[in-house]
Amino acid sequence: MYADFAFYKDTYNGALTEAEYKRFSVRAMAEINRITSNKAKTATGEDLEAVKMAECAVIDELSYQSLGGSGDVTSESNDGISRSYATGIVSKSSRQRIDAAAFTWLNNTNLLFCGI
């Protein structure tokens with residue numbers, strides 16, 4: 001893992017409990033390694049901070065998806081407890097949502113560059 005729970009709570013301002021954080025942290029690290037072609041493993045300085053923030057964002061996205069969040073909410077009712085999600089071309093896949101969460105933080109690093 002790149003970020004520990006203290007970083008998640010204090011720097012990223014995450015809302016999950018430590019148990020929830022631990023549940024998703026290993027997969028989040030694997031997703032960050034996939035997205036960066038393992039370049040995150042050698043990140044230092046500002047790039048490492050971006051990796052930690054991206055990992056936290058992916059943890060939150062994985063948590064959201066585990067609760068049934070598989071797409072963009074298009075309508076919601078409170079008393080009837082119903083929720084509608086976007087479908088078709090408009091909706092993003094689970095992988096796309098994970099990538100988008102990480103990209104927000106990794107965009108301004110060299111960790112996404114796949115060239116020589």
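Hello everyone, and a word on the ground rules before we look. Because the model is predicted, local features need pLDDT of at least 70 and side-chain atom pairs count only at pLDDT 80 or more, while totals for chains, interfaces and linings use all residues. Residues are numbered from 1 along each chain as its sequence is written, and side-chain values use heavy atoms, with hydrogens and water left out.

Let's begin with helix α2. Helices here are DSSP runs of H or I with at least four residues, strands are E runs of at least two, and numbering goes from the N terminus. The 18 residues of α2 should span 26 Å at 1.5 Å a residue, and the end C-alpha atoms are 25 Å apart, which agrees. The expected span, by the way, is 1.5 Å times one less than the number of residues. There is a bend in α2 of about 40° at S25; that is the angle between axes fitted to the seven residues ending there and the seven starting there.

Which residues of α2 are buried? They are Y21, F24, S25, A28, E31, I32, N33 and I35. Buried means under 20% relative accessible area, exposed means over 50%, and partly exposed is in between, using a 1.4 Å probe and protein chains only. These buried residues pack against α1, α3 and α4, where contact means heavy atoms within 4.5 Å.

Take E31 from that list. E31 has a relative accessible area of 5%. Its side chain makes a polar contact of 2.8 Å with that of R34. A polar contact is a pair of N or O atoms within 3.5 Å; within protein, one must be able to donate a hydrogen and the other to accept it, and residues adjacent in sequence count only if both atoms are side-chain atoms. Leaving aside residues up to four places away in sequence, E31 touches V58, R95 and I98.

Now to the aromatic rings. Rings of Phe, Tyr and Trp (its six-membered ring) pair if their centres lie within 6.5 Å; planes under 30 degrees apart count as stacked, over 60 as edge-to-face and the rest as tilted. By this rule there are 4 aromatic pairs. In one of them, the ring centres of F5 and Y21 are 5.5 Å apart and the planes stand at 65°, so the pair is edge-to-face. This pair links distant parts of the chain, with F5 in helix α1 and Y21 in helix α2, 16 residues apart. Y8 and Y21 make a tilted pair, 5.3 Å centre to centre with 40° between the planes. Here too distant parts are linked, Y8 in α1 and Y21 in α2, 13 residues apart. F5 and Y21 are buried, and Y8 is buried as well. Together, F5, Y8, Y12 and Y21 form one aromatic cluster.

Next, helix α4. Its buried residues are R97, I98, A101, A102 and L106. Seen down the helix axis, they fall within an arc of 165°, so they line one face of α4; the arc is that of the directions from the axis to the C-beta atoms. Their cover includes α2 and α3.

Last, the loops. Most residues other than glycine have a negative phi. N13, in the loop between α1 and α2, has a positive phi of about 65°, and is exposed at 59% relative accessibility. N38 sits in the loop between α2 and α3, with a positive phi near 70°; at 40% relative accessibility, N38 is partly exposed.
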